[in-house]
Amino acid sequence: MTKWTKKAAPVEQPELSAYQQALRARLLAAPVVPAPEPWQRVAFVPVGGLLGIGFASHPEDGRDLVMVVSNDGHGLFDAVTGEKVARDRDPDLEDSTPDAVADLSCPGLGPISGSRVRIAGLFGGGLHTTTADGWTLEVVAPAWPNDRVLLSGDGGLPHLGPHGERWWHIFHSNYSELRTVGFSPSGQTIAVATSSDISLWTRRKDH
């Protein structure tokens, strides 16, 4: 006996409005450019199997530190110079990934040992997307699934000013999966993390 089932009607995809098409075209046409002054790129660090990152402050001078959690352990980087500060290749199993605890944190290492750092990335969480003085970070995907990171000084989309003057396409994740993007709590560091690397920008004057 043949059982007949009713096929679901195909879902119609709404067409983009003229405004949406123009905005998408504008985003697609914007090339990757350096971040504007006072931002300076200080590091591009390959990190295989990166899971997430979090920010901490150095106990001596308050400079931003970035903790990186990956399949190969934990690392700590100076966000002003990009230098590696500490490394733990074999963290305790219960603390190796942030999903083991409710606040998505991992134990600090090196100069921030004894504290815990909240990690944003594969398992959730998030970083700051704005600063107190008006900088904004946002992730767009006009050619999904490749994400683009935009830095702006005009409050975010829709950008009224021209590319390279009021908003900047500073990173294109067209080779790895984007994990997280954000400012440090101090507003002095930008971090972009993918599944294979981390990029850092600083505007701290002693760089």
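Guide: Beyond its neighbours within four places in sequence, Glu138 is in contact (heavy atoms within 4.5 Å) with Arg148, Val149, Leu150, Ser152, Gly156, Leu157 and His159. The model is predicted, so local features need pLDDT of at least 70 and side-chain atom pairs count only at pLDDT 80 or more, while totals for chains, interfaces and linings use all residues. Residues are numbered from 1 along each chain as its sequence is written, and side-chain values use heavy atoms, with hydrogens and water left out.

Glu138 belongs to strand E9, residues 136–143; strands (E, at least two residues) are DSSP runs, numbered from the N terminus. E9 pairs with strand E10 (residues 146–152) in the antiparallel sense over six bridges, where pairing requires that DSSP finds at least two bridges between the strands. A hairpin of two residues joins E9 to E10, and Leu137 stands opposite Leu151 in E10.

Glu138 is buried but has no salt bridge; Arg26, the nearest side chain of opposite charge, is 10.0 Å away. Here buried means under 20% relative accessible area, exposed over 50%, and partly exposed in between, with a 1.4 Å probe and protein chains only. Lys and Arg count as positive and Asp and Glu as negative, whereas His and the chain ends are not counted. A salt bridge places a side-chain nitrogen of Lys or Arg within 4 Å of a carboxyl oxygen of Asp or Glu.

Five salt bridges are found in the whole structure. One of them joins the side chains of Asp133 and Arg203 at 2.7 Å, N to O. Asp133 lies in the loop between strand E8 (120–121) and E9, and Arg203 in the segment after E14, so this pair ties together parts that are 70 residues apart in sequence. Arg203 is buried, at 13% relative accessibility. Another salt bridge is formed by the side chains of Asp95 and Arg116 (3.4 Å, N to O). Asp95 is buried at 16% relative accessibility, whereas Arg116 is partly exposed at 42%.

As to nonpolar cores, each is a set of buried Ala, Val, Leu, Ile, Met, Phe, Trp, Tyr and Cys residues joined through side-chain atoms within 4.5 Å. The largest has 17 residues, of which Leu50, Ile53, Val66, Val68, Ile198 and Leu200 touch the most other members. Apart from this core lies another, of 15 residues, among them Leu137, Phe171, Val192 and Trp201.

Methods. Helices (H or I, at least four residues) and strands (E, at least two) are DSSP runs, numbered from the N terminus.
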